[in-house]
Amino acid sequence: MRRAPTILHLDMDAFYAAAEQAAKPSLRGKPVVVGGIGPRGVVATASYEARVFGVRSAMPTAQARRLCPNAAYLSPRFTLYRQVSDTVMELLRALSPLVEPLSLDEAFVDLEAGGVPAETAAVRAVGERLRRDIKAATGLTGSVGLAGAKMLAKIASEAAKPDGLVVIEPGTERELLGPMPVRTLPGVGPATAETLRRAGIHTVAETAEAGEAELVRLLGKAHGTGLYAMALGQDDRPVVAERDAKSVSVEDTFEVDLTDRTRVRNEVLRLADRCVGRLRAAGRSGRTVVIKVRNYDFSTLTRSETLRGPTDDPAVVREAAVRLLETVDTTGGVRLLGVGVTGLADFTQEDLFAQLATEREAEEQAAEPAEEAAGEPEAGVELPRRWYPGLDVVHEEFGAGWVQGSGLGRVTVRFETPWSAPGRVRTFTVDDPALRPGEPLPLLGGPDQSSAPAIRPKSVSPAGEAESEAGEEISRR
């Protein structure tokens, strides 16, 4: 354990929802829910105004609508969130070479590795300056926790929400943790909490008092030993700058259960192509192909196949995914499908199977041109557009705006920008040629910056003088 609180944990406040409120003046101060908007969607983030009504992350969107029917329900815009995240992560890397991103809006920083003095006053000053810099660069707020261990820093940032900073002084850990629920500790999920509850253990203090031997008896050696150490406030995990991905995967949830076998197969092929696209974008290859199938009754199963060597060949992944699908009974209906690749490597092994699969695919395409043509749109025919709530749009006459909703052949758009007053609402036909999808506008700035990236980076020196700037995406539901 460190003698000074030199591990920083940053967690942006209601990140997706806050970014949407910053981009849409008419939603500021109002409940906003970002996530899957269909009947089977799941909440990704709820604004603090929506949380008052009981809406929370990972809640079914249908339940959130019942709790807070007047909220704005928006599809996520990951292009904007990544741009903001890049700005925030650049600010963190200016503080230290050891930054461990956990997601787009959350990260650990080892301030000691960045040369910050191991003194409470010094690290607090860095944390406060970081909060100011994030606000200046993005217009959004983040909460900061400082402690001598990662677990404690994360607990501190949670206690600091929203838009605050909490420091846990080394030596005060057990006093602070004692009265907290056992679910506060990392690795304690619903099942572990229930096991401990049946043993009469409800708080962190009671967990520590139970002793290591009793926790090992209840939870097993590895879990019991680790949990006992954390209950004592002991966590020696280092901040790791590079977290090597173990897998790449994609999945989709469907509004209506898929029962047609051909449709299920086509969806698996589409997901396999998306998965390989992510794999190649990361410069990786993988050896094991995995499919995930969630049935109509919520039962979920996975199937995997290990290839002879790592590959990033889409034909190989598609063929393996289809072979795996053939081992699964989908006649009852499928609500979710996923395709992933594990056993990642930084190289691709020349594989005979890959060559054969590519050749076979080429032969099939040549032998069945009529069938292929039947499934493709004719040249010059534009596919119908889907106007998801929250989508950026541009109208030739009215300029930039965002979709409030659509249906019955109509789309409703509110025309406003991040730096304008709340804008007017207008309705168009879904195929209006003057209306087209747009790109995220800057959260800060003005009309003169409308062609710039959503966020302009700025950096700060390690000493702190300002010099200028985390099991997979939510499917459209």
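Modeller: Here it is; keep in mind that this is a predicted model. Start with Leu 140: not counting residues up to four places away in sequence, Leu 140 touches Met 12, Phe 15, Ala 18, Ala 19, Ala 22, Val 84, Ile 134, Lys 135 and Leu 443.

Colleague: Which residues touch the most other members in the largest nonpolar core?

Modeller: Tyr 81, Leu 111 and Leu 140 do, out of 44 residues in that core.

Colleague: And which helix gives the most to this core?

Modeller: Helix H4, residues 78–95, which contributes 9 residues. As background, nonpolar side chains in soluble globular proteins tend to be buried together.

Colleague: Which strands pair with E12?

Modeller: Strand E9 (residues 247–258) pairs with E12 in the antiparallel sense, over 8 bridges. Strand E10 (residues 285–295) is also antiparallel to E12, with 10 bridges.

Colleague: What stands opposite Gly 340 and Gly 338 in E12?

Modeller: Ser 249 is opposite Gly 340, and Lys 292 is opposite Gly 338.

Colleague: Now the surface. Which residues make the nonpolar patch of about 300 Å²?

Modeller: Val 52, Phe 53 and Leu 67 make that patch. Phe 53 sits in the loop between helix H2 (48–51) and helix H3 (61–67).

Note on methods:
Residues are numbered from 1 along each chain as its sequence is written. This is a predicted model: local features need pLDDT of at least 70, side-chain atom pairs count only at pLDDT 80 or more; totals for chains, interfaces and linings use all residues. Side-chain values use heavy atoms; hydrogens and water are left out. Two strands pair if DSSP finds at least two bridges between them. Helices (H or I, at least four residues) and strands (E, at least two) are DSSP runs, numbered from the N terminus. A nonpolar core is a set of buried Ala, Val, Leu, Ile, Met, Phe, Trp, Tyr and Cys residues joined through side-chain atoms within 4.5 Å. Buried means under 20% relative accessible area, exposed over 50%, partly exposed in between (1.4 Å probe, protein chains only). Contact means heavy atoms within 4.5 Å. Patches are made of residues with over 30% relative accessible area and no salt bridge: like charges are joined within 9 Å, nonpolar side chains (Val, Leu, Ile, Met, Phe, Trp, Tyr) within 5 Å. Accessible areas come from the Shrake-Rupley method with a 1.4 Å probe; for residues, only the protein chains shown count as cover. A salt bridge is a side-chain nitrogen of Lys or Arg within 4 Å of a carboxyl oxygen of Asp or Glu.
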